[in-house]
Amino acid sequence: MTPESTLHSDLFRECESQIDEIFARCNESAPNFGITHECLRSSLHRTIRKFAARHPGGKPSAGDVKEFLAQIHTEDLFLALGCAGGNERAWWEFDQQHRNYLERVARHLARTDVDAEEVVDTVYVELYGTRVVDGERVSKFATYSGRGSLRGWLRTVIWHSLVDLHRASHAEVSLDEMTENVGEGHAHSNFAETDLGGEDQMVDHISRKRYRKATVSSIEKAFGSLESHEKLLLLYYHVEDLKLREIARLVENPSSPLRNWFQRKSATRDKNPGSRIHESTIMRWLEKCYSKILQIFRDELSSTHSLTKDEVDICLELATQDLASTSFYRNLSTT
Amino acid sequence: MNYQGILNSEELKIEKLLNLFLNARVSGDVSSEAVGEHLDDDTISAFVEGDLNREESVPVIKHLVDCSFCRNVTAELVKLDLHFADEPVVESVIEEVPSKITQVLNGILAKIFGNNDGAVFAHQEPENESDDEEESKTEKT
């Protein structure tokens, strides 16, 4: 037995009673989904293994795993397991609860009703599973772990199906280009590819070249110095064009780690950890990122590139003047 | 994207420069091939709903910073989530007698593959156990 499997066995043993409770509760509310205790147990064990593998050091405590299990969307998981097993009643429940939503999401994303209908049909077939491996049908439902809600998971499945559908009809287009043609990304990509203007007359000027090179290198360094959650916030806002209220939605869950990384500990928050995140809060988070970047940017220009304070100001000025210039854009792209 | 908050003139300049840099960075040499396997549906949906804990989020956030494909998916899912957030959950009309889901799926398959070959389904619910029992009883007598 490997140390890993010993660890897993120990964790499974510690959580056995919690799994029993989950099964009892779910089975009471949906006794006709045809789920056995072993089926649920095996699914949860698989999820715990995945959780343990991602845990720093790969060794979560029994307490960590119990807390993790408490966060599983067990009713959704029970329904998904019933559907994965091909249970008629579970499928009927699924169809009643989620078909309408799937159709609306597909219609919202797809360009025509025909596409939307095709996506929903494809998703249903994928969810049921037509591939048989070792005598068992492989249902997409079997990959749902209950970590997020079933509805959220379905949104993701629909999204990927739509991308696959487009890829099938545009085989020569790359995956990255394809995602830009689905949903709102379409308009966004057009914006990103817009020609930003004519050749800048000052490109050949030696000092400008020098300052520009220093500017590009310093902004790169400044961005690279940020923590991952800060980088992601900036990328969501500037590249993915998420609005402040959309970012607020992303961190709406009080236990969202993204939210906890940004929020400072305060007495008010300790009293009310679930308080709503407003757009102004996201603004403040962005402001902090800009201040941090500005500081590192300035330090980098003066220390690494030995520029004076006045030259640093010139760099900032030139960079913003050059914003509409195609050459500056190209320079950044190839750095 | 232009920032509408309260920034001093220097911060405004850095915000604009950053906007240009980030968009150029994405359309430049950072490709999804360079960041390894994409996140699975399960992880993406849990992240979008804020359901991942701190330990689980660390590698996910790092991946999203580097992988424009997965980041774009999460961003679009957030937009979708918000778009449907205010709409009431409408379930389909409850039928008195559940229709056989295999019939529904067979219909879908027929549309996709052009036939109605139900044999592709590995599972079929036993339909008329009582009838079968009756038949076997009849045979015995």
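Modeller: Start with how residues are classed. Ala, Val, Leu, Ile, Met, Phe, Trp, Tyr, Cys and Pro count as nonpolar; Asp, Glu, Lys and Arg count as charged; the others, Gly among them, count as polar. Keep in mind that this is a predicted model.

Colleague: What pLDDT does chain A average?

Modeller: In chain A, 79% of the residues score at least 70. The average pLDDT of the chain is 81.

Colleague: Where in chain A is confidence lowest?

Modeller: Confidence is highest in helix 4 (residues 74-84) of chain A, at a mean of 96. Over residues 186-199 of chain A, pLDDT stays under 50. For that stretch the model has 22 contacts beyond four places in sequence. The lowest mean, 39, belongs to helix 9 (residues 185-193) of chain A.

Colleague: How much space lies in the largest cavity?

Modeller: The structure holds three cavities of 30 Å³ or more. The largest has space of about 90 Å³.

Colleague: Which helix gives the most to the lining of the largest cavity?

Modeller: Both chains line this cavity, with residues including Thr47(A), Phe68(A), Asp42(B) and Glu56(B). Helix 2 (37-54) of chain A and helix 2 (41-48) of chain B each supply at least two lining residues. With four residues, the top contributor is helix 2 of chain A.

Colleague: How many charged residues are in that lining?

Modeller: Asp, Glu, Lys and Arg count as charged. Among the lining residues, Lys50(A), Arg54(A) and Arg147(A) come from chain A, and Asp42(B) and Glu56(B) from chain B. The lining of the largest cavity also has three nonpolar and three polar residues. Its charged residues number five.

Colleague: How many nonpolar residues line the second largest cavity?

Modeller: This cavity has a volume of about 60 Å³. Its lining includes Leu250(A), Pro257(A), Phe47(B) and Ile61(B). Helix 13 (257-262) of chain A, with helix 2 and helix 3 (54-66) of chain B, each supply at least two lining residues. The lining of the second largest cavity has three polar residues, one charged, and nonpolar ones numbering seven.

Colleague: Is Glu311(A) buried or exposed?

Modeller: Glu311(A) sits in helix 16 (residues 309-321) of chain A. Its relative accessible area is 16%. Buried means under 20%. So Glu311(A) is buried.

Colleague: Which residues does Glu311(A) touch, not counting those up to four places away in sequence?

Modeller: Leave aside residues up to four places away in sequence. Then Glu311(A) touches Arg210(A), Tyr211(A) and Ser306(A).

Notes. Residues are numbered from 1 along each chain as its sequence is written. Chains are lettered from A and ligands numbered from 1 in the order in which they are written. This is a predicted model: local features need pLDDT of at least 70, side-chain atom pairs count only at pLDDT 80 or more; totals for chains, interfaces and linings use all residues. Side-chain values use heavy atoms; hydrogens and water are left out. Buried means under 20% relative accessible area, exposed over 50%, partly exposed in between (1.4 Å probe, protein chains only). Contact means heavy atoms within 4.5 Å. pLDDT is the predictor's confidence in each residue, from 0 to 100. On a 1 Å grid over the protein atoms alone, a cavity is a set of points where a 1.4 Å probe fits but cannot get out, and a pocket is an open set with protein on both sides within 12 Å along at least five of seven lines; lining residues have an atom within 4 Å of a point. Grid points are joined across faces, edges and corners, and a volume is the space filled by probe spheres set on the points.
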